[in-house]
Amino acid sequence: MTAGAGLYVHLPFCRSRCGYCAFVVTTDDSVREAYLSALERESGIAGGEAHGCSFDTVYLGGGTPSWLPPEGIARLLDALRRDFAVETDAEITLEANPDDVSSERVASWKAAGATRVSLGVQSFQDRELAAIGRRHDAADAARALDLLLRSDLRVSGDLILGLPEQTAESFRESAARLAGSGALHVSVYLLEAEKSRTIEEDRSRHPDRYLGDDAQADLWLDLSEMLGRRGFQHYEISNWCREGEAARHNLKYWTRQPTLGLGVSAHELWEERRRANVSAIPAYLAALGENRRPTALDQPLGPDEQARERIVLGLRLSEGVDAREVDEWVGTKGDDLLATDYARWEEANWIARTTDRVRLTERGFLVSNEILCRFI
């Protein structure tokens, strides 16, 4: 039996689309019932394929899972428990927007089996929230965070560094406020302007609204130092947690544990195959209407690709990866320049090495894209 697998479910529905969003989402609520029915069919099909496997994490992502009516969340989790061997102490995470959080909804999420909520705070500054089209304001975020922290759900809060209208002072204020809130987990993401045409065009027209790369780098290093002083461990590039509070589901991705993905655009790693669902809702519904999984990609992974993934994904973690595996890749699988680059990264203190491990330093995390893409 495969034990400790993970299950991801994509819920693409949003009340409105944020300016920075590059995910597969829709604001058309008219297809919600058809989509939930299709998810139930896919759950039944995938559950048959996963017979004999147990699952200790479930992650409802999106989109905005919290925008789904509470009965929809309960219906979905009931279907997953029916079709999969979900362990009784499984971590069940639901992503939420602050304006969806209420006492009634929190109670319903807990009753349905949720154990953890990832709250999209993004900022505690009204100007920054308005600039990216968020529906909530700073007061809403504070209220939602407080309400969740008074429940017995585990709570993670998200922030974004590099938002339009953001200053060094405003980011530090948001970060300190989240760190001092009582949340046990903090995620901070760099705004990826190139993934959003809206943001990319705005930054081109109004560069004065955005922090420069050097300023963002300094703030990132200050952030990690501040969180460390407050007892948070920097366990993955974008994630900090109190001891024992790492996101169990997300750790599966970085350590290549088996995961299944349900819903439009969902990805999975199963029996050393990378698979992905179609990215269009009509195509997703059509495939499940024919009682087949809506697969757009199904790629077996050979030994070299598995080794490459262990390096690329493992270096995202503060614990790093096996030094022997990195040495072998640099020496035999890399191009002529990789060994030179690797030596340069060590000299620049982007990579730290012990007898048996290689890991990225705090400065290395900042340039991780440059480093990790060299192993592809």
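View 1. C14 is buried at a relative accessible area of 10%, whereas C373 counts as partly exposed at 44%; here buried stands for under 20% relative accessible area, exposed for over 50% and partly exposed for what lies in between, with a 1.4 Å probe and protein chains only. Residues are numbered from 1 along each chain as its sequence is written, side-chain values use heavy atoms, and hydrogens and water are left out. Because the model is predicted, local features need pLDDT of at least 70 and side-chain atom pairs count only at pLDDT 80 or more, while totals for chains, interfaces and linings use all residues.

**View 2. The aromatic pair of F55 and F84.** The structure holds nine aromatic pairs, a pair being two rings of Phe, Tyr or Trp (for Trp the six-membered ring) whose centres lie within 6.5 Å, with planes under 30 degrees apart counted as stacked, over 60 as edge-to-face and the rest as tilted. One of them joins F55 and F84 edge-to-face, at 5.2 Å centre to centre and with 75° between the planes. F55 belongs to strand 2 (residues 53-62) and F84 to the loop between helix 2 (70-83) and strand 3 (85-96), so this pair ties together parts that are 29 residues apart in sequence. Helices (H or I, at least four residues) and strands (E, at least two) are DSSP runs, numbered from the N terminus. Both F55 and F84 are buried.

**View 3. The aromatic pair of Y342 and W345.** Y342 and W345 are three residues apart in helix 13 (residues 338-347), so about one helical turn separates them, and both are buried.

**View 4. The ring cluster of F13, Y35 and Y284.** Ring pairs link F13, Y35 and Y284 into a cluster.

**View 5. Helix 3 and what covers it.** In helix 3 (residues 103-112), the buried residues are R105, V106, W109 and A112. Seen down the helix axis, they fall within an arc of 130°, taken from the directions from the axis to the C-beta atoms, so they line one face of helix 3. E104 and A111, on the other side of helix 3, are exposed. Just after helix 3, G113 takes a positive phi of about 120°.
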